[in-house]
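Dear colleague,

Please find the structure below. A summary of the findings follows it.

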Amino acid sequence: MSVHLNRRKLLTGLGGAGLGGFAGCLSSVPGLDSNDIEDGSDVGGTDRTLRLGIMQPVSGDLETVGKPMRNAAELPIRQVEDEISLDIEYEVVDTETSPSAGVQGAAALVDEGYPMVNGPAASDVTLQATQQVLIPYRTVCCSPGATTPTITSLNDAGLVFRTAVSDSLQAVVLADRAANDLGHDSAATLYANNDYGWQLSQAFARSFRSDHGGTVSEQVPLTEEQDTYEAAIERVRKNDPELLVVIGYPETGGQVLRDLGADAPEDILVTDGLQDSDLHDQVDYSLDGIRGTAPLVDGPGTETFTELFEDAYDAEPGVFTPHSYDASAVLLLANAYAGQNDGTAIRNAMQAVATGDGEEITPESLADGIELAARGDPVTYQGASSSVGFDENGDVTDAVFQYWEFDESADGGIAELDRVSS
């Protein structure tokens, strides 16, 4: 029976992290491209400790999404702790859905020697935390929720992975549904004022115009934590669009929906960040019939993950929770296979445990997979969210999307309408 080094605590006072000057350039970090490790480091075998940092938004605009994602990130550890001979030490930081808090949290984890991180979740938090801290300090990260296309082209030394699907693909599906299902040729967007919102709004506009001959009259940013978005709504309605695309998170998006009201003359289409059944209780009119797109959860281990999550937390999985489970699972497998708590070695093992001809490992057999990987045996992880195959940019290659609508009568308040390949 393993001794679980349960260091799960929410770090506070992150501003005191000891990485002075962590915003420096990559070239200032010695050995960034080296495979060397410190002399005397323990390498390989099943008598060692795997160390995992978890960065999720337990507060802020993504709180309702982030808490279940945090739980899903911890679930693989809870699942295997009594079944494997290796110890697992982990730490949780709250990114607060804030780039500055994310940077501070990343610095705290790196300062404590964590070589790999599940997260961050939000795109803008991921961009700042990776570029300012995780990449310079050779820390592998796997984001379960950052979907901005910007991540694909990061100069990241191969250290940044994600189980979430890029929004460059979601935008194509979003535009197709706007034109071919809802039948509109004019639209406008209201988007979260960050990289996720801006990039998805721009990608939707490009696809809607070029692929469907539509017009996008306005693209209006939404600042977080506003009491009302009536001014933004007035701007976006300037040219009387037939369709409003709302891109954001539950707190901001919920207020936008409240301000739009039940008698909005436009159709409304939303994205994955608003696929939250709690919005039924936050808006004082029925959301039934409002439609959206989201990456589809359709991995070989989906059913097993759902059962594990419900048993552990007495709640149904939410948006991005399977992706968060997979991020932790593949990081743990890579650490075990690498044989050391070293970011560069773990980076080199990520592709090895996610692709190839090794023994197939699913959420059901994760404990066996970690033991096999620790012995140096090849394994291939097949996940809950997808098959989790990474391309050369660290992006997952599976891209099937769910077309859904709010429906209070449906299980979980969300009804699937269709499945669409990008």
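Among contacts (heavy atoms within 4.5 Å) in the chain between residues at least 6 apart in sequence, 73% join residues at least 24 apart. The model is a predicted one, in which local features need pLDDT of at least 70 and side-chain atom pairs count only at pLDDT 80 or more, while totals for chains, interfaces and linings use all residues. Residues are numbered from 1 along each chain as its sequence is written, and side-chain values use heavy atoms, with hydrogens and water left out.

The chain has twelve helices and 14 strands; these are DSSP runs, helices being H or I of at least four residues and strands E of at least two, numbered from the N terminus. Of its 422 residues, 59% count as buried, that is, under 20% relative accessible area with a 1.4 Å probe, protein chains only.

Helix 2 (residues 99-111) packs against helix 3 (residues 123-134) at an angle of about 40°, and their axes are 8 Å apart. Axes are lines fitted to C-alpha atoms over the stretch in contact, and angles run from 0 to 180 degrees between N-to-C directions.

Alanine 334 lies in helix 10 (residues 321-338). At 0% relative accessibility, alanine 334 counts as buried. Leaving aside residues up to four places away in sequence, alanine 334 touches Ile346, Ala349, Met350 and Val353.

Yours sincerely

Conventions:
Buried < 20%, exposed > 50% of the residue type's maximum accessible area, 1.4 Å probe, protein only.
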